[in-house]
Amino acid sequence: MDTVESGSRLLITHARLATLGDVPRLIEDGAVLIEGERIADLGATTQLTAHYPSVERWDASGRLVLPASICAHTHFYGAFARGMAVPGEPAADFPQILERLWWRLDKALTLEDVRYSTLVCLIDAIRHGTTTLIDHHASPNAIEGSLDIVAEAVREAGLRACLCYEVTDRDGPERAQAGIAENVRFAKSQNLESRSRIAASFGLHASLTLSDETLADCVAAARDCGLGFHVHVAEDGADQEDSLRRCGKRVVHRLHDAGILGPRTIAVHCVHVDDSEIAVLAETGTWVTHQPRSNMNNGVGVASVEAMLRAGVSVGLGNDGFSNQMFAEMKAAYLVHKLDQRDPRAMSGNVVMQLAYPNNARLARVFWPEVRLGEICEGATADLVFLDYHPTTPLTAENLPWHLIFGIEASAITATVCAGRVLMRDRQLLTLDEKAITARSRELAARVWKRVSDQ
Ligand SMILES: [Zn+2]
């Protein structure tokens, strides 16, 4: 059986359950009862099999079962960049990376490319136990309807995603307005659906490609649909230099004065923010997301995540288009702050867990208020990942972060469940045709690469 219809039940047995949550427990030989989309009960396998003798069972055979991962910031549209040769000299700084790679790639995308780059990311997400993704989309030559294409792929996959279109002035006023219109059109169409696993935000590229006039148009449009924003903030020093040149204000102050910040807004990266900006992020309840693999790859610096947390900023963990294996992002976060600060006490395993699970789960509730992710408990949404991980040292609820960081590899992941629906079992995908999608993706990516090199 691959789906759990509303009210139907499935009993997972013989699992090593790591519950996470406020009082994390490690239940050896544990069982979880899924009822519809939710977890209805959990405990010892002997107990639950006695209580629910007639419920269909799924023997986890001693696998480690965790809450599924959440990705707080990603770009499905970037999937075709993998292995792509970028024409010309290697980019020397972040603005050159944008101009030479990303702004060429996104212009080359058709609506079919959008569909397939989304699908390959969703396969990757299911394979790696990531069931909730907050995406930031750009396809300047295929704007209208692009978010519907992404949403349709997410529905087919059976995952949960929050979508937005990246508004920017870099391609002229007409496309900036088309981007605004796409955010509005999509958000309004989503309001018709209740209990959807698709949600909407309002996408902005970054301060450095947005005029005051466009920002004002976005604020008016977003207010009309009740949306917060999803925007890259001070990813590189260039964003600060541009903002200071433009208006004499630092980026966070500029965005705050424009009406962008607040508890429904995600400020992505915040690598180059000062104490006054961190104070504004905290006061406004604005979300920050941390993407250490992307920051290392672009050579932009390391965000002051612990300082932001101490100041009361809510910080989540995203991947910025890197693999949807969030355990790899957690490892990067664990390592890079230690190197950056020359201090092995920096960014402990518990802080990494805080970003990846409770904080990301709280961010998800901004978009899906009824969904309870990041923990296995009665009433939580049944989003789970199974790991073929048999620890060679004692595993406890307390030392779990270090097992995840030092012990878990992607190859351990065998099953993924989203809202009670089994999306992968014994490493077999149940909702998407991986072979066909991969074949078509390779054809389309080759054409995109050709268009990029012809630009
Ligand atoms: Zn990004």
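## A tour from the parallel sheets to the zinc site

Begin by selecting strand β8 (residues 160-163) together with β9: the two run parallel and are joined by three bridges, where strands are DSSP runs of E with at least two residues, helices are DSSP runs of H or I with at least four residues, and both are numbered from the N terminus. Within this pair, L163 stands opposite A200 in β9. This is a predicted model, in which local features need pLDDT of at least 70 and side-chain atom pairs count only at pLDDT 80 or more, while totals for chains, interfaces and linings use all residues. Residues are numbered from 1 along each chain as its sequence is written, and side-chain values use heavy atoms, with hydrogens and water left out.

**The four-stranded sheet**

Now widen the selection to the open sheet of four strands, whose order is β6-β7-β8-β9 with parallel pairing; two strands pair if DSSP finds at least two bridges between them. At the edges stand β6 (69-74) and β9 (198-200), each with a single partner strand, so one side of each has no neighbour in the sheet. Direction ignored, neighbouring strands of this sheet are turned by 15 degrees against each other on average.

**The five-stranded sheet**

Select next the open sheet of five strands, which has the order β10-β11-β12-β13-β14, again with parallel pairing. Its edge strands are β10 (202-206) and β14, each of which pairs on one side only, and the twist averages 25 degrees from one strand to the next. Moving inside the sheet, β11 pairs with strand β12 (residues 266-269) in the parallel sense over four bridges, and V233 can be found opposite H269 in β12. From β12, continue to strand β13 (residues 287-290), with which β12 pairs in the parallel sense over three bridges; here A267 has V288 as its bridge partner, and V268 stands opposite T289.

**The zinc ion**

Which residues coordinate the zinc ion? Select H73 (NE2), H75 (NE2), H232 (NE2) and D320 (OD), which do so at 2.0 to 2.2 Å; donors are N, O and S atoms within 2.8 Å of the metal (3.2 Å for Na, K and Ca), and water is not among the atoms, so sites may look incomplete. The four donor atoms subtend angles of 90 to 162 degrees, which makes the arrangement irregular: four donors count as tetrahedral if all angles lie between 85 and 135 degrees, four count as square planar and six as octahedral if opposite donors are over 155 degrees apart and all others between 65 and 115, and anything else is irregular. Along the chain the donors follow the spacing H-x1-H-x156-H-x87-D. H232 lies in strand β11 (residues 229-233) and D320 in the loop between β14 (314-317) and α12 (326-341), so the pair ties together parts that are 88 residues apart in sequence. Both H232 and D320 are buried, buried meaning under 20% relative accessible area, exposed over 50%, and partly exposed in between (1.4 Å probe, protein chains only).

**Helix α3**

Turn to helix α3 (residues 111-127), whose 17 residues should span 24 Å at 1.5 Å a residue, in agreement with end C-alpha atoms 24 Å apart; the expected span is 1.5 Å times one less than the number of residues. Twelve of the 17 residues are buried, so α3 is largely enclosed by the rest of the structure. The buried residues, among them Y116, L119 and C121, pack against elements including β7 (130-135), α4 (146-157) and α15 (434-454). After α3 comes G129, with a positive phi near 70 degrees.

Finish with L20, in the loop between β1 (9-18) and β2 (26-35), where phi is near 55 degrees, a positive value in a residue other than glycine. L20 is buried, with a relative accessible area of 10%. In strand β2, D29 also has a positive phi, near 45 degrees, but D29 is partly exposed at 38% relative accessible area. A31 lies in strand β2 and counts as buried at 0% relative accessibility; leaving aside residues up to four places away in sequence, A31 touches residues including L11, L17, L42 and L48.

Note on methods: Contact = heavy atoms within 4.5 Å. Axes fitted to C-alpha atoms, helices over the stretch in contact; angles between N-to-C directions.
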